[in-house]
There are 2 protein chains.
Amino acid sequence: MDKTKTPPLNPEKRRHKAALTAASENRVDYKKELEAAARNMILIHDPEVLIRMTADTIVDKLKVRHVSVLLGEKDGYVLSLSRGRKQPKLPVGMARVDKENPIIVFFKRFNDKIIFKRRAVLYSQAKALLKSGVIKDKLRSILEHLLYQMEIFGASACVPSYIREDLLGVLMLGSKEDNSDFADEEVDFFIALASHMAMAIRNAQLFKNLEEELERKKQLFIRTTIALAAAIEAKDHYTHGHTTRVTNISMQIARQLGESEFPGINDRFIENLEFASLLHDIGKIGIPEYILNKQGPLNDEERRMIRKHPSIGVGIIKSIKELERAVEGVRYHHERYDGLGYPDGLKGNDIPLIASIISVADSYDAMTTDRPYRHRLSKNDAFAEIRELSGSQFDPRVTRAFFELYQQNRI
Amino acid sequence: MDKTKTPPLNPEKRRHKAALTAASENRVDYKKELEAAARNMILIHDPEVLIRMTADTIVDKLKVRHVSVLLGEKDGYVLSLSRGRKQPKLPVGMARVDKENPIIVFFKRFNDKIIFKRRAVLYSQAKALLKSGVIKDKLRSILEHLLYQMEIFGASACVPSYIREDLLGVLMLGSKEDNSDFADEEVDFFIALASHMAMAIRNAQLFKNLEEELERKKQLFIRTTIALAAAIEAKDHYTHGHTTRVTNISMQIARQLGESEFPGINDRFIENLEFASLLHDIGKIGIPEYILNKQGPLNDEERRMIRKHPSIGVGIIKSIKELERAVEGVRYHHERYDGLGYPDGLKGNDIPLIASIISVADSYDAMTTDRPYRHRLSKNDAFAEIRELSGSQFDPRVTRAFFELYQQNRI
């Protein structure tokens with residue numbers, strides 16, 4: 001269109017032009033804002049952050065007084081966020097609307113672009129439409145109810161957010177700070193932004209599902225290993241629950257070491273430690289039952305047999321790639337700091353940390369449960385004994401972390 | 001700016017305006033195309049598809065003769081895609097450029113927006129710049145080499161795709177079909193599109209990492225269960241490798257049933273079947289070793305004991321939420337179709353399909369391996385025996401699928 005020959009504007013167009021001019025004075029480059037939003041949203045996998053970003057963009061860039069978001073949940077829509085300088089007096093998370101609420105009904109069933117060109121409802125535009133009398137019957141009633149709801153939420157505009165045909169949520173926008181009407185360009189921006197938000201939230205949901213499935217698979221491994229360890233323990237009448245307790249104590253010690261930024265303690269180490277702790281006695285599956293069940297003291301040959309359990313355990317798991325960093329914990333959890341342990345007689349810092357941690361946890365649990373050859377020690381006596389053996393049987397770095405836990409009443 | 005008082009265009013601006021007009025005649029709404037691309041890209045988690053989409057958008061919407069994409073890999077950049085009506089004569093996947101290639105060097109080190117306003121290189125613009133003599137020394141040499149590379153690839157424009165400061169890849173665009181220069185608006189579009197592509201590819205990579213981690217955790221469970229089953233099998237001298245073979249056969253039968261769209265066979269069923277097959281004999285951990293190891297025939301009491309293994313297995317896994325659908329396979333894998341099996345004497349279709357499948361796989365493997373009481377059957381004899389027992393011991397629906405596998409030489 002040749003700008004030199006613009007026809008006189010009708011009142012509707014004049015209002016839009018005023019709004020446009022106001023917007024351009026604020027120097028909002030909608031295209032740039034949209035692009036930036038789309039780019040930023042894609043790597044954010046938290047729906048709450050995505051909604052907050054969307055609302056902040058609207059409040060900050062378009063000087064809208066407030067933005068609330070109704071977000072779809074299982075049984076209805078919940079007010080998930082309220083943002084802006086002047087907010088409606090509705091507590092977030094408390095306000096719920098059910099699926100029969102006129103806002104939801106309108107955007108689910110009646111928003112077929114015939115009524116409003118842009119799939120968004122502007123309060124003033126809808127009010128004018130009702131006044132004109134062209135809207136009749138059921139639709140008129142729905143629209144009247146919708147406007148009443150918008151009054152409750154103090155909304156000048158409702159912008160739906162769809163994923164394909166599913167209504168993910170509705171953005172409810174307050175009036176602009178300069179009290180101007182929303183320009184077409186602004187409504188287009190809201191619609192596009194709401195659409196980007198919807199896609200980003202769906203992406204985030206897919207991510208969350210995958211993360212949950214990952215956690216389920218990890219739990220499957222952990223619980224099955226515990227169950228099998230328990231079945232093996234069932235043959236060794238004195239060790240019921242031993243594997244679970246050793247695993248818990250090991251993890252606590254590692255986290256305590258991590259808090260003082262001990263070198264090498266990270267999420268991967270802690271996971272390997274967890275796996276190694278779960279499997280540390282798995283080799284007992286290869287020890288004859290009569291030895292595990294024997295009530296009296298073991299003779300030399302029997303002791304020699306039972307000392308094979310770390311190596312048998314390694315034999316069982318060594319070909320499992322995902323456990324390659326856990327193997328050392330299984331192999332060396334009966335080594336001693338002074339080199340008098342088994343199977344290899346490793347000494348001091350030659351013993352991998354993963355094994356030194358399991359060694360303390362394993363010994364503490366053995367001391368505090370009844371065994372064929374002696375009654376259990378009290379918690380305090382067991383701690384005293386471990387302190388006594390620090391530097392001979394146990395790695396002092398590990399016993400230090402263990403005592404910190406004890407002093408803080410965390411074990 | 002007041003459009004009524006436009007000053008006369010200089011030649012550079014006139015060229016741009018011509019290109020702009022050409023574009024607007026083709027009615028390309030860049031904003032809309034970008035939005036659509038950003039929206040579509042976010043839920044695509046396959047880098048190849050994302051690159052193809054980007055190239056197709058450029059070829060289709062902007063009538064560019066061809067688009068190639070150099071994509072960063074470990075040791076360099078590979079020509080990952082070549083698209084368009086007239087492609088350069090370079091086979092995709094074959095052309096590699098190393099990190100010292102002038103295209104890569106330029107976009108990694110020299111593209112600081114000082115040389116070209118828009119982080120993209122237009123051949124004609126760069127050529128003019130060199131001619132003008134303002135570019136000197138090392139940069140001149142780099143730019144000359146860059147233009148030579150663009151000639152090899154037949155590229156009129158190179159558009160970099162960054163993730164933050166990392167160069168993910170470079171889009172190489174051929175000339176436009178109408179031979180017009182690229183307008184600023186078009187270059188902006190390429191840059192924005194390349195940026196969206198980069199973010200979508202990063203998102204896809206995060207997805208892929210998560211999926212791989214999920215597969216690793218599943219394998220951890222599977223391999224550990226197999227290793228522990230093998231340790232249990234070690235006590236039962238005749239069943240070495242039994243668990244792995246039964247699991248493989250069960251899965252094949254289920255997939256065969258799935259091919260004929262048997263009701264209830266889906267990915268979830270097959271996963272539960274896999275878990276149940278892996279664990280079907282886990283209850284043997286609770287059977288005294290002397291019974292598992294006995295060379296001669298079992299007496300009634302011993303047989304009664306060994307028949308407890310399904311129930312013991314259930315006892316071990318029943319509290320594991322992730323295995324709740326697998327429990328039935330463990331519990332009922334010794335039931336018979338005629339109701340004469342154990343532990344509950346279930347009959348016909350009352351036996352869960354998951355158990356009926358394991359029953360056939362378990363029996364076939366038992367028949368084809370040596371056992372204390374008899375030598376193994378040949379494959380053909382075992383199939384004949386299972387056919388004979390179809391409808392009495394075995395569910396005919398399962399044996400049918402099993403025979404289809406046999407006839408197709410797949411077992």
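1. Start with a pair of helices in chain A. Helix α5 (residues 123-132) of chain A packs against helix α6 (residues 137-152) of chain A at an angle of about 145 degrees, and their axes are 11 Å apart. Two packed helices are described by the angle between their axes and the distance between the axes. The crossing of α5(A) past α6(A) is left-handed. Keep in mind throughout that this is a predicted model.

2. Which residues make this helix contact? From α5(A) come Y123(A), A126(A), K127(A) and L130(A). From α6(A) come R140(A), L143(A), E144(A), L147(A) and M150(A). Sorted by class, the residues of the contact of α5(A) with α6(A) are six nonpolar and three charged, with no polar ones. Pick them out in the structure one by one.

3. Now turn to the sheet in chain B. It is an open sheet of six strands with antiparallel pairing, and its order is β3-β2-β1-β6-β5-β4. β3 and β4 (121-122) of chain B stand at the edges with a single partner strand each, so one side of each has no neighbour in the sheet. As background, strands of a sheet pair through backbone hydrogen bonds, either parallel or antiparallel.

4. Follow the strands from β1(B). Strand β1 (residues 66-72) of chain B runs antiparallel to β2(B), and seven bridges join them. These two strands form a hairpin, with three residues between them. One bridge to find is that of G72(B), whose partner in β2(B) is Y77(B).

5. β2(B) pairs with strand β3 (residues 96-98) of chain B in the antiparallel sense, over three bridges. Here V78(B) stands opposite R96(B) of β3(B). Is strand β2 (residues 76-84) of chain B mostly covered or mostly open? It is mostly covered, since seven of its nine residues are buried.

6. Two bridges join β4(B) to strand β5 (residues 157-163) of chain B, and the two run antiparallel. V121(B) has C158(B) of β5(B) as its bridge partner. Helix α7 (residues 184-233) of chain B packs on the sheet and touches β5 and β6 (166-173) of chain B. The direction of this helix makes about 40 degrees with that of β5(B).

7. How do the two chains meet? Here 42 residues of chain A are in contact with 43 residues of chain B. On the chain A side, the elements that give two or more residues are α2 (30-42), α7 (184-233) and α12 (309-317) of chain A. Which of them gives the most? It is α7(A), with 24 residues. By class, the side of chain A that touches chain B has 21 nonpolar, eight polar and 13 charged residues.

8. Check the backbone next. Most residues other than glycine have a negative phi, and most peptide bonds are trans. The bond from Y342(A) to P343(A) is cis, with omega near 10 degrees. P343(A) sits in the loop between α13 (327-331) and α14 (353-367) of chain A. Chain B also has a cis peptide bond, between Y342(B) and P343(B), with omega about 5 degrees. P343(B) is found in the loop between α13 (327-331) and α14 (353-367) of chain B.

9. Then look at phi. N179(A) is not a glycine, yet its phi is positive, about 60 degrees. N179(A) lies in the loop between β6 (166-173) and α7 of chain A. In chain B, N179(B) has a positive phi of about 60 degrees although it is not a glycine. N179(B) is in the loop between β6 and α7 of chain B. N179(B) counts as exposed, with 9 C-beta neighbours inside 10 Å.

10. Finally, confidence. The model scores ipTM 0.78 and pTM 0.78. The mean pLDDT of chain A is 87, and 89% of its residues reach 70 or more. Where is pLDDT under 50? Residues 11-16 of chain A are one such stretch, with four contacts beyond four places in sequence. Residues 18-24 of chain A also stay under 50, with 14 such contacts. Where pLDDT is low, the predicted coordinates should not be read in detail.

Notes. Residues are numbered from 1 along each chain as its sequence is written. Chains are lettered from A and ligands numbered from 1 in the order in which they are written. This is a predicted model: local features need pLDDT of at least 70, side-chain atom pairs count only at pLDDT 80 or more; totals for chains, interfaces and linings use all residues. Two residues are in contact if their C-beta atoms, placed from the backbone, lie within 7 Å. Helices (H or I, at least four residues) and strands (E, at least two) are DSSP runs, numbered from the N terminus. Ala, Val, Leu, Ile, Met, Phe, Trp, Tyr, Cys and Pro count as nonpolar, Asp, Glu, Lys and Arg as charged, and the others, Gly among them, as polar. A residue is buried if 20 or more other C-beta atoms lie within 10 Å of its own, exposed if 12 or fewer, and partly exposed in between; C-beta atoms are placed from the backbone. Two strands pair if DSSP finds at least two bridges between them. Axes are lines fitted to C-alpha atoms, for helices over the stretch in contact, and angles run from 0 to 180 degrees between N-to-C directions. A crossing is left-handed if the near helix is turned anticlockwise from the far one by less than a right angle, and right-handed if clockwise. pLDDT is the predictor's confidence in each residue, from 0 to 100.
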